Amino acid sequence: MEYVIEMNNIRKEFPGIVANDNITLQVKKGEIHALLGENGAGKSTLMNVLFGLYQPEKGEIKVKGQPVKITDPNVANRLGIGMVHQHFMLVHNFTVTENIILGSEPTKGGKINIKDAAKKVEELSKRYGLSVDPYAKIEDISVGMQQRVEILKTLYRGAEILIFDEPTAVLTPQEIKELIQIMGKLVAEGKSIILITHKLKEIMEVCDRCTVIRKGKGIGTVEVSETDPDQLAALMVGREVHFKVDKQEAQPTDVVLEVKDLVVIDSRNIPVVEELNLEVKAGEILGIAGVDGNGQTELIEGITGLRKIKSGSVKINGKETAHLSTRKITETGVGHIPEDRHKHGLVLDYTIGENMVLQTYYQKPYSNSGVLNYNKIYEKAKSLIEEYDVRTPSEFTPARALSGGNQQKGIIAREVDRSPSLLIASQPTRGLDVGAIEFIHSKLIEERDKGRAVLLVSFELDEVMNLSDRIAVIYEGKIVAIVDPKETTEQELGLLMAGGKKESVGVS
Amino acid sequence: ACGNKEEEQGGGDGASKEEANIKVGLVTDTGGVDDKSFNQSAWEGLKKFGEEFGLTEGEGYRYLQSEKEADYIPNLGQFADGGFDVTFAAGFLLEDAVQTAAEQNTGTNFALIDSLLANADGETVWLDNVSNVTFDEHTGSFLVGVIAAKTTKTKKVGFVGGVDSPLIKKFENGFKAGVKSVDPTIEIVSQYAGDFNKPENGTSIASTMYTGGADIIYHAAGGTGNGVFTEAKNRKANGEEVWVIGVDRDQHEEGMPENVTLTSMVKRVDNAVYEISKMAKDGNFPGGKETVFGLKEEGVGIAPTTENVSQEALDLVEDYKQKILSGEIEVPKTDEEFEAFEASL
Amino acid sequence: MQKLLKNQRLFNIVVPLFSIILGILVGAIIMLVSGYDPVTGYGALFNGMFGNPKSIGEMIRAASPLILAGLAVGFAFKTGLFNIGVEGQLLVGWLAAVYVGYALDLPAIIHVPVSILAAAIAGGIWGMIPGLLKARFKVHEVIVTIMMNYIALYSTADIIKRYLYAGNEKSFPIKESASLASTFLADMTNGSRLHWGIVVAVIVAVFMWFILEKTTTGYELKAVGYNQHASMYAGMNVQKNIALSMTISGAFAGIAGSMEALGTFQNMTVMSAFTGTGFDGIAVALLGANNPFGIILAALLFGGLTTAAPQMNFNANVPQELVDVIIALIIFFVAASYLIRYILTRFSKEGK
Amino acid sequence: MSFLDILSIIIPAALYTAAPLIFTALGAVFSEKSGVIGLGVEGLMVFGAFSGVLTTLLLEGNMGEITPWLAILIAAIASGIFSLIYGVAVISLRADQTVTGVAINMLAVGLTLFLIKKIFNKGQTDFVDFRIDKVDFPILSDIPVIGDIFFSGIPYTSYIAIAMAFVVWYIIYKTPFGLRLRSVGEHPAAADTMGINVNRTRYIAVILSGVFAGVGGAVYALSISGNFTGHTIAGQGFLAIAAMIFGKWHPVGAMAAALFFGFAQSLGITGAQIPFLQDIPSVFLIMAPYILTILALTGFVGRAEAPKASGVPYIKGTR
Ligand SMILES: Nc1ncnc2c1ncn2[C@@H]1O[C@H](COP(=O)(O)OP(=O)(O)OP(=O)(O)O)[C@@H](O)[C@H]1O
Ligand SMILES: Nc1ncnc2c1ncn2[C@@H]1O[C@H](COP(=O)(O)OP(=O)(O)OP(=O)(O)O)[C@@H](O)[C@H]1O
Ligand SMILES: [Mg+2]
Ligand SMILES: [Mg+2]
């Protein structure tokens, strides 16, 4: 059998670390090939080698049987390799077309021929069912759309082999479904796809074969049809993983968070949370399910004081907090694991220790009449790092140097440790590997069992279904239904999230 | 300590010299000795003195350019420490520095050009080792004012000053008095650029004045005045008949090739430096007093290049010169004096 | 990791030292190429810096405002802001100190601090304006501070002319009681103009270190500089912190002005061009790695180089602009520390 | 003076003083659009003014009237080469751009003065004999009213500067090079994955900024100051940066802002002789351009966004 791509015995080092250690990856024509591994296992590195962004120290690459040297992305493009990066490589203030033609612009008399290019983009987009507006600006379109632009970029250059690096981490269930259809069309045309994902379900659903790497080393390649998620997870982590969260029945008591007729407007002055009502009780996890962009972000920002509230009331433990400052709200007993850990959760240039007191630095014992007590701060940090198993060289390491999963653990340690009566967790496991997810899930349940009210926002239906004691479905800024996870199905939820009303479901 | 050092060094140098046994120095302001104006003139005087009396440059006579205000005192001190007998300080900006340096180095003489010393209350003070050299800029300006009045066709002339200060006011009021003495109906516009180093402001001001009908501009504005020349040359190249009156040195060159320099009010800083140096050499250093260089001492006057000035005007200048020398006309320096002068016409 | 941390510290010292050496080397090459003798030139320069007590006194005197200007730039840098307006803040501080030093009648023990305080307030206000505009309207602080420099230049000149004019383009002098000048220090250094300002500068340096490294205010200021969103999330008042940072930075710059007012000059000249101290402050802050104590050392070096430059010209006839070139080169090499890192790692690798 | 008279003084003066600012601001636009902060343009202007004057002094004896034009070209090349020092530091050596900019400014002043002293043995050059003169534009200056205001007593360089703003706009927004330039300034990693050589693009941009700022400096020296001293370029580069930011990093916007500065400045100077402005203390007129700029930025211009990657050296593989 001839492989379209053969990466044999690839070794790639970074200062102090071997990111790829003798990894072999062979991709057949027309297949969807999964690449699986924990955070930091070396998946992106391997793909960057294939795409010419990094040069391997050792190993050979063959494309359609021919040995090649991929010295830069231009070479990769010429060989028909295209890559959709984990972190999008799009110029935010360019149009879709401009992003696609960048680097190989059609010209007429020295001037870019935008019209022709846009036409071509439109044709391509139609052919694969991508429906992208060639003249839209990137910053104005949704994340899902942006990803389609990334795909179009590779297709525009005639890619035969497409690399998708964690494409589904940022997508809504609906978008994921569409992406899978698109991948189907691409493969049907004879293209090959390498797919990186942490979601085993997706691998089972769409992939033909799967190569697993662990800590930079290749573990092996399996036929997806001959394996199951448990086996894959074990291969990847090197031990058994529990998917189903063990949890007792919730014992909800008093109402901790009460949101009444809340209206929040976004930066363009459009109401994105409209007359929203919500209650979370102590000892329960309320999951909010919804498609991205239905007001989840603004709801959380409104509750936590990061965004001005137009009208309505927010009560925490019976105390009105609607127009208080973020600090005052935090002090009433709110812990907040923010949606974007880099943007809100951490000061990346501070040490992990300094980040541990981001919410409490001004309080005793961390400071006394305005003077910081670093001994106490690092003492605390050290104990949190141990307790929450944050993998870091020391408490003096800059937060920037930690992997995403460990950064997230640090945030959770900080927020949970303050014993807030309300814990808000927004996308707490986005982009993390199964091991880290497992840990975070168990922590959330533990908090619930200690009698905290937990408000969970997630685009992962699995996560919401598994963790929540009640699920509130948000649609266009309103809670359209509250359902019991034990009595609902993904189909039903998906329908509600898409705005479909269901009479049998009561709105409280 | 200073005295000793001076003797040692002075003695050592004296042995190798045959002609004059003297060392003279010059501290410029931030302009430098080729500023086409004041500092340059002072340096020319010093060079003339040095060459005439067989001093070597760098040893017997030399200068130090100041980069910034804080350099004045160390630079003056540098010469004192180096055993120089007289150190010239070019310009009133060095007044405080000279006072401090002179008090610190009582064994050395300093000559401050263009200014007297004052104490905290603004009263004049005299130091025995400081000679104060001033010029009658107002009388020289009066004479170029006469030429301007005889030359203008539009009956309107302009004055551009660098910064609004008593010194520059002497130029302005002398000039205005000269113009008005010849023809009281001539209109005079004045403007200060606020800066000696902004040629583009000079250009803009001159442009405004010429467009407003003036055909002669007298500038006392250093580098800013170069902008006045630029504007005049541009206009002359386009066929307008406009003139500039230069200042401090004969600025004929600056007006070329369009030849826009009508005349210049020369201030012979070089003569003054030369004279004071000579007096010092002869043991008559005029310390502790003001030495004024006026028309009589040929300290001020009109430039030697007179090709653009009519004979009639030159004759009239000579008339007025005599009247000033004889005391018949007292040329105003300040705004008040000018007002009184104008009223008396 | 502990070793790496140590290495990092070491690097922070090695890089400036190496840069100074490289700067001096390139300066020597320039001298050679243009026909001067580097040995004589540097000899005269060195002599001008350390040759006698007076030159050392002058070096420290020149360093005092430079330290403060460097602290002003460094403080803003540390909190994520670029204060290019130190020059203007220094000018208004200078004027304020002269005014208070001239107009009030107080015993020296009060008069000096009050005059310095006035300078700090004036500079602080001048820094606060761009800070507020940035916080409130998101206006780029670089452009506003550049504009504020010019406004300071012209308005201080005008105010002196109007209200404080003593003739000959200068203001009235300050009263004896407000003066930082000291006959003791002057005598000790053979008649240099060394004054007590250096003590003020060192106190301010310690103050900056304390604020930034030891207080919750510093924690907030730096957090806001690094990540405004996270600061907001942590309940900090981002707008207040931006304005506060610029105010403190401006106050430092204002105090730099008071060094000139109460120390070196005892009055203020009607200025038509910038003093340059504010811009030199950027260089000083950089060479000192924005660290208060590094800034003191860097300012001493630059202060020494600039005061010795005329001496080099006088005694070795090398144009004093060479010193500006050397300073620029040193900054250049510090900024391009990657080069030094590269060279050093190469060396250490081959050494192994 | 009639209102039209006033206009025919102020507008030509504005065009005259704005030309160097426009050139330099355009240079800064190139640099910043590629993600390299343009703070060094002050020094590049100094170098341009220096080389322009030096060339003119050396060649004018033989070449006559065209010397200043030739000198501008040579200044462009010289500053382009000088800017490579900046380029190497900030692109290849990943130096802090702000600080290197400051260093370049100091280096340019020190080096040029050092050279002047070395070459002429004095602290400043002589005046050039042949300048870029103010001229009445043929034919157009004869149009009534408009001719006096817009086409009389203005050097050709002012028109060239304005035309150049549109050329630069075309290059940056309509050509492949421009698209690549902007992508490198906004998201260098994205550009890299599209096969664009980020560092090479930035080098080109920095050299272009040197070329334009060099022209700006030379135009200033050869049309306004006429010689070169340590004070010839004193802050014009910073004003050009201000114009660029004011113009929201857009070439035509930068040009408009530079013209606005020129206008405010000439209003400040001419104001002293305009009847209804005469009573305002001149210091307010002199400060007007700076105050107006701050007000404009605060009030009605709206927020400008710098290119996203501005100031960040590009190192492959980081994000
Ligand atoms: N540019 C780089 N410089 C240094 N080390 C790097 C670099 N990029 C990656 N690494 C290291 O290489 C290892 C592999 O990283 P890589 O990004 O390939 O992981 P990954 O498998 O894609 O992880 P994730 O699932 O989080 O995306 C990491 O441990 C990291 O420390
Ligand atoms: N340029 C780099 N230099 C050093 N380490 C790097 C670099 N880039 C990435 N890393 C390291 O690679 C590891 C994994 O990186 P990565 O950011 O992919 O993790 P992640 O868990 O996927 O986080 P994210 O949520 O940001 O995707 C981390 O240890 C990170 O510190
Ligand atoms: Mg990855
Ligand atoms: Mg990741």
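Four strands of chain A form an open sheet in the order S14-S13-S16-S17, with antiparallel pairing. Here strands (E, at least two residues) and helices (H or I, at least four) are DSSP runs, numbered from the N terminus, and two strands pair if DSSP finds at least two bridges between them. Strand S14 (271-281) and strand S17 (319-320) of chain A are the edge strands, each pairing on one side only. Strands of a sheet pair through backbone hydrogen bonds, either parallel or antiparallel.

The model is predicted: local features need pLDDT of at least 70 and side-chain atom pairs count only at pLDDT 80 or more, while totals for chains, interfaces and linings use all residues. Residues are numbered from 1 along each chain as its sequence is written, chains are lettered from A and ligands numbered from 1 in the order in which they are written, and side-chain values use heavy atoms, with hydrogens and water left out.

| Strands of chain A | Bridges | A pair of bridge partners |
|---|---|---|
| S1 (residues 3-14) and S4 (residues 58-63) | 5 bridges | A:Glu6 and A:Lys62 |
| S4 and S5 (residues 66-68) | 3 bridges | A:Lys62 and A:Pro67 |
| S16 (residues 309-316) and S17 | 2 bridges | A:Lys315 and A:Glu320 |

S4(A) and S5(A) form a hairpin with 2 residues between the strands, in which A:Lys64 takes a positive phi near 50°.

The UniProt record, an unreviewed entry, places the feature "domain: ABC transporter" at residues 5-240 and 257-501 of chain A. UniProt positions are given in the numbering used here, feature names are shortened, and annotations may be inferred rather than shown by experiment. In the span of residues 5-240 of chain A, the end C-alpha atoms lie 31 Å apart, and the span is 34% helix and 28% strand.

In chain C, helix H12 (residues 277-287) and helix H14 (residues 321-335) pack at an angle of about 45°, with their axes 10 Å apart. H12(C) is therefore oblique to H14(C). Axes are lines fitted to C-alpha atoms, for helices over the stretch in contact, and angles run from 0 to 180 degrees between N-to-C directions; those under 35 degrees count as roughly parallel, over 145 as roughly antiparallel, 65 to 115 as roughly perpendicular and the rest as oblique. The contact (heavy atoms within 4.5 Å) involves C:Ala283, C:Leu286 and C:Leu287 of H12(C) and C:Ile330, C:Ile331, C:Val334 and C:Ala335 of H14(C).
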